[in-house]
Amino acid sequence: MKKITILGLCLAVGIGASAQMKLAKEVERNTKNNFNEAVKQMTPIFSNPETEKEAFPRYVVGKAGFGEYDDMFAKKQLNMPTDDKAMGKALLGGYDYMMQAIALDTVVDAKGKVKTKHSKDIINTVGGHFNDFTNMAVYLWNVEDYKGAYDSWQVYVDLTKDPRFAKTLDKMMPADTMIQNIIFNQALAAFNMKDHSAALDKFMEVMDYGPAKKHVYDYALSVAQELDKNDTILAICEKAIPLYGNEDSLYLINVINVYNRKGDAENAFKKIEEAIQQQPDNAQLWRVKGYLYEYKEDYDNALSAYEKAIQVDPKFVMGIYDYARSLYNKGMRTEDVTSQADYAKVQKETIMPLYRQAKDLLVKATELAGDDQNVLSQIEKLMDNLNYKLGEE
């Protein structure tokens with residue numbers, strides 16, 4: 001097979017357009033189905049001012065990419081060893097160069113009419129590989145090339161929106177629910193790349209396609225909280241509440257917490273009151289109301305709210321814990337304001353009973369917590385303080 005010499009490639013930047021195009025055709029013959037070599041040999045032609053805006057060189061490299069992918073895919077179908085990352089690079093690289101080529105593919109004839117030379121073949125080639133992009137994404141995911149998987153899924157989604165491919169993809173066009181699933185997978189890929197901002201953007205994009213499954217909102221909420229995106233948290237919860245608010249009060253609780261962090265106590269209380277009117281037997285809502293009162297330093301109402309939470313649900317472990325914690329804090333505040341002369345009487349009649357009641361509640365909470373180490377750790381710390389106050393270490 002005839003080869004282009006290194007000298008010829010070095011001189012490529014210094015020869016005219018017609019010679020450059022002749023050289024590009026030689027590269028086409030020499031690098032069929034060899035993407036990396038096509039890129040290497042065609043790069044000097046890309047950078048030459050005479051040909052940098054020509055579609056053909058990029059079209060050639062794109063064809064080499066798709067050709068190499070097809071060869072590797074055929075081997076994979078026969079259970080022959082293949083390098084999935086290299087296969088993905090060929091497919092995605094081929095697509096990238098094809099799209100560069102189609103953007104440059106205009107030819108003006110003698111009558112001044114604008115025509116295209118390679119666009120039809122580009123559309124057929126790329127469109128013919130439409131489903132390969134989502135399949136390739138799965139292969140790349142399985143070898144932990146999350147960036148490649150993300151990009152391959154992105155090509156698939158982009159093609160569904162590109163009017164140039166509408167006719168080619170007519171019978172292959174996926175339903176919106178499938179697009180939602182693919183974008184969700186992109187979000188997970190971005191998360192695995194530790195690009196949490198990109199992950200959040202993709203979770204939000206899933207919701208743009210319409211109502212989604214509950215786990216989409218839950219994942220999005222988790223990432224938004226990690227990134228401290230209060231406005232995004234509100235947006236997620238406002239989408240989720242009409243769909244899943246009755247089965248999961250955490251969406252509303254997050255809305256309230258955002259308002260609270262913003263110092264908007266009025267809206268926070270408004271939201272919790274509306275929620276309790278609708279779900280008066282939701283212990284979690286009463287617990288949140290207790291937090292809001294504590295934030296305002298209205299400790300008596302906070303104590304009442306926590307008490308209501310465990311009246312509604314006597315087995316609500318964190319409600320029991322917060323009620324005990326609030327009793328302990330009341331005892332501590334009472335110690336701080338009691339005069340030395342009255343201390344012995346107040347300690348016996350008021351302070352110690354508060355500590356005793358709090359400890360009894362923690363014993364119950366411990367029994368209910370099972371092996372939840374996070375909860376048990378919080379209970380243990382408060383129990384140590386109470387034992388010290390009660391002299392029962």
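The legends below describe views of a predicted model of one protein chain.

View 1. Along the principal axes, its C-alpha atoms fill a box of roughly 105 × 45 × 40 Å. Of the 393 residues, 47% are buried. Among contacts in the chain with a separation of 6 or more, 60% are between residues 24 or more positions apart.

**View 2. The largest pocket, with a volume of about 260 Å³.** The pocket is lined by 14 residues, and the closest to its centre are Ile 241, Leu 252, Ala 275, Gln 278 and Gln 279. By type, the lining divides into five nonpolar, five polar and four charged residues.

**View 3. Helices around the largest pocket.** At least two lining residues come from each of helix H12 (230-244), helix H13 (250-261) and helix H14 (265-278). H14 gives the most to this lining, with four residues.

**View 4. Thr 334 in helix H17 (residues 317-337).** Thr 334 has a relative accessibility of 17% and therefore counts as buried, the cut-off being under 20%. A polar atom of the Thr 334 side chain lies 2.7 Å from the backbone oxygen of Lys 330.

**View 5. Contacts of Thr 334 beyond its sequence neighbours.** With neighbours within four places in sequence left aside, Thr 334 is in contact with Val 346, Thr 350 and Ile 351.

Note on methods. Residues numbered from 1 in each chain as written. Predicted model: local features only at pLDDT ≥ 70, side-chain atom pairs only at ≥ 80, totals over all residues. Heavy atoms only, no water. 1 Å grid on protein atoms, 1.4 Å probe; cavity = no way out; pocket = protein on both sides within 12 Å on 5 of 7 lines; lining within 4 Å. Points joined across faces, edges and corners; volume = space filled by probe spheres on them. Nonpolar A, V, L, I, M, F, W, Y, C, P; charged D, E, K, R; others polar. Buried < 20%, exposed > 50% of the residue type's maximum accessible area, 1.4 Å probe, protein only. Polar contact = N/O pair within 3.5 Å; in protein donor to acceptor, adjacent residues only side chain to side chain. Contact = heavy atoms within 4.5 Å.
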